[in-house]
Amino acid sequence: MGGNPARKTFLPFARPCFDDKERAEVLDALGSDWITTGPKTLKFEKELAAYVGSRYAVALNSCTAALHLALASYGIGEGDEVITSPFTFCSTVAVILHMRAKPVLADVDERTFNIDPEEVKKKLTRRTKAIIPVHFAGQPCEMDSLLRIAQQKGVKIIEDAAHAIGAEYKGRKIGSIGDATAFSFYATKNLTTGEGGMLVTDDEELSEKVRILSLHGMSRDAWKRYFAQGSWYYEITQLGYKCNMSDIMAAIGIHQLRKLDSFVAKREKYASYLDRAIARIGHVTVPYVSADLRHARHIYPLLLNLDELSVDRTKFIEELRSENIGTTVHFIPIHYHPYFRDALGYKKGDFPKTEALYEREISLPLYPSMTKKDLDDVVSAIGKIVGAYGKK
Ligand SMILES: *Cc1c(COP(=O)(O)O)cnc(C)c1O
């Protein structure tokens, strides 16, 4: 298209949002005698559990680890099946394969991008042991239907809530609904500790198992070696992993959590602003939000009305890039990745709704530190591109 870009400097797709609170707490951790899992991690766990309304929380180094250890703790393995969405990040499916269980994908609802409970029903077998719903973009899945299915079939619900901290379903916080919920604190997420994750649950036995597995399979009492009453002796009681959270990460998390509601409120406000301004442009579809819930607005998934445009999604992203607007795509369908295609035996055409959404989706910048001008630049860049390529 050429000409002057919508803005002079590049607007990144995502940006973390810290202030002196995080910085002071990290310095406090560095100045203390304990920098790995310790008092700050325990405090972060306690405060996060209270925030989401769960009884137990185990801080880990990623959401991937939280999902993995939940499956391991439930004893899910060879011969078992786990149903999840094809419209997710690779790790949701990778952890199932790491446990030598079989991932079974069920297509999404085209309005919410979330797993469709009717599709889940078609995929249930005697071997199904768990369902991993992914709350896409921060919009809760249809939990009532999924819980009903899980209860009838005796399978576990392990929620991939990487996008959904702060979200609510019918007045209940995500983290207080399924058997276990995994959160991500990756750099771009609504609450970040750089890298990090948390597994929350009301099941004490599950939380104990996850905690032990996260630290080499050391006996529970070994944890006391972290504190004054600890001793040198520990026992390895099972084959574990190493994915605990450090107090340096937790120092960041404690303050991110306290600001989370204000972060989400800003995301809601900015998303509504984008909804109104972009809807006026036409040729694109703004995100659908269901009633009865609080959407965490982690991602703003714009959909192109491809039959009204003479460009495809890839070209539209290039044009946004030349307008100095950073974007990305959520998600490349699981079965389009060569590894999963070959390992799972799925092919193009197996998940038509996921595939159609993928062709049309662009994730726009949306985060609390954006200014009104940033938002307006995004809108005017879209307006400019639609002006050049929109069919009359
Ligand atoms: C980011 C993300 C993950 C992985 O989170 P990590 O903390 O990086 O392991 C898992 N699932 C979804 C849907 C994600 O977006």
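In which loop does Phe-331 lie? Select Phe-331 and you will find it in the loop between α9 (313-322) and α10 (338-344); helices here (H or I, at least four residues) and strands (E, at least two) are DSSP runs, numbered from the N terminus.

Before moving on, a word on the model. It is predicted, so local features need pLDDT of at least 70 and side-chain atom pairs count only at pLDDT 80 or more, while totals for chains, interfaces and linings use all residues. Residues are numbered from 1 along each chain as its sequence is written, and side-chain values use heavy atoms, with hydrogens and water left out.

**Stop 1: two backbone details**

Now go to Ala-137, in the loop between β4 (128-132) and α6 (143-153). Phi of Ala-137 is near 70°, a positive value in a residue other than glycine. For context, most residues other than glycine have a negative phi, and most peptide bonds are trans.

**Stop 2: the ligand**

Next, look for polar contacts, pairs of N or O atoms within 3.5 Å:

- Asp-160 places a polar side-chain atom 2.7 Å from a nitrogen atom of the ligand.
- Cys-63 has a polar backbone atom 2.9 Å from an oxygen atom of the ligand.
- Lys-189 has a polar side-chain atom 3.2 Å from an oxygen atom of the ligand.

The protein buries 93% of the 380 Å² that the ligand exposes when taken alone (Shrake-Rupley method, 1.4 Å probe).

**Stop 3: the largest pocket**

Pockets and cavities are found on a 1 Å grid over the protein atoms alone: a cavity is a set of points where a 1.4 Å probe fits but cannot get out, a pocket is an open set with protein on both sides within 12 Å along at least five of seven lines, and lining residues have an atom within 4 Å of a point. Points are joined across faces, edges and corners, and a volume is the space filled by probe spheres set on them.

The largest pocket holds about 540 Å³ of space. Its lining has 27 residues; show Phe-89, Tyr-186, Lys-189, His-330 and Phe-331, which lie nearest its centre. Colour α3 (63-73) and α4 (90-98) too, as each supplies at least two lining residues. The largest share, 3 residues, comes from α4.

**Stop 4: the largest cavity**

How many cavities of 30 Å³ or more does a search of the whole structure find? There are 3, and the largest has a volume of about 150 Å³. Of its 21 lining residues, select Arg-15, Thr-188, Lys-189, Arg-267 and Tyr-367, the closest to its centre. Helix α8 (residues 247-281) gives the largest share of this lining, 3 residues.

**Stop 5: a sheet**

Finish with 3 strands that form an open antiparallel sheet in the order β7-β6-β11; strands pair if DSSP finds at least two bridges between them. β7 (172-173) and β11 (293-294) are the edge strands, each pairing on one side only. Zoom in on Tyr-169, whose bridge partner in β11 is Leu-293.

Technical notes: Polar contact = N/O pair within 3.5 Å; in protein donor to acceptor, adjacent residues only side chain to side chain.
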